[in-house]
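Here is a short report on one protein model. It covers a helix, a hairpin and a group of charged side chains.

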Amino acid sequence: MDFIDRVRWFFNKPTRAERDRQKLNLQLDARLFSDMCLTLHKEAPKDSPLLVMDVRILFEEKKPYELECHVKRSTGKNVRFAPSPEAEERLFTALDKLRASMEEQKQPRWKGCKLTVDVPGDKYNVDFRY
């Protein structure tokens, strides 16, 4: 790194407040995903190894999201399930907070996402559609 690159790096690096805000946003996002995963796990049929929640953004005021939830059985067959109204409300609230957090971080607005929860592996994956 030559002198010019070091000067550019020094003046373009984020401030401590910006780094702290980014860290808080990442922690908030992780908590939101964790809450969504737990809500799905509680609502899904028992002994479901893989849970999938597909979300599409609707532009209606009463119900801004459309959820499609299903589990993959060990036989490879998909079985749909519907979360309870209370669980659906928790999921919608988490999705609203997630979108607001991402917009605050200047990330593009997403039109949908697919949350996949691997229960035995204790992992999750999120794919956003733009």
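The report below takes the charged network, then the hairpin, then the helix.

This is a predicted model, in which local features need pLDDT of at least 70, side-chain atom pairs count only at pLDDT 80 or more, and totals for chains, interfaces and linings use all residues. Residues are numbered from 1 along each chain as its sequence is written, and side-chain values use heavy atoms, with hydrogens and water left out.

**Salt bridges**

Five salt bridges turn up in a search of the whole structure. The criterion is a side-chain nitrogen of Lys or Arg within 4 Å of a carboxyl oxygen of Asp or Glu. Helices (H or I, at least four residues) and strands (E, at least two) are DSSP runs, numbered from the N terminus.

Shared partners join Asp-54, Arg-56, Glu-66, Glu-68 and Arg-129 into one network.

How accessible are these residues? Buried means under 20% relative accessible area, exposed over 50%, and partly exposed in between (1.4 Å probe, protein chains only). Asp-54 is buried, at 15%. Arg-56 is partly exposed, at 29%. Arg-129 is partly exposed at 34%, and Glu-68 is partly exposed at 23%.

**The hairpin**

Strands β4 (residues 112-118) and β5 (residues 123-129) pair in the antiparallel sense over seven bridges. Two strands pair if DSSP finds at least two bridges between them. The two strands form a hairpin with four residues between them. In the turn, Asp-122 has a positive phi of about 55 degrees.

**Helix α3**

Helix α3 (residues 85-104) has 20 residues. Its expected span is 1.5 Å times one less than its number of residues. That gives 28 Å, and the end C-alpha atoms are 28 Å apart, which agrees. Buried residues in α3 include Leu-91, Leu-95, Leu-98 and Met-102. An α-helix has 3.6 residues a turn, so residues three or four places apart point the same way. Lys-106 follows α3, with a positive phi near 65 degrees.
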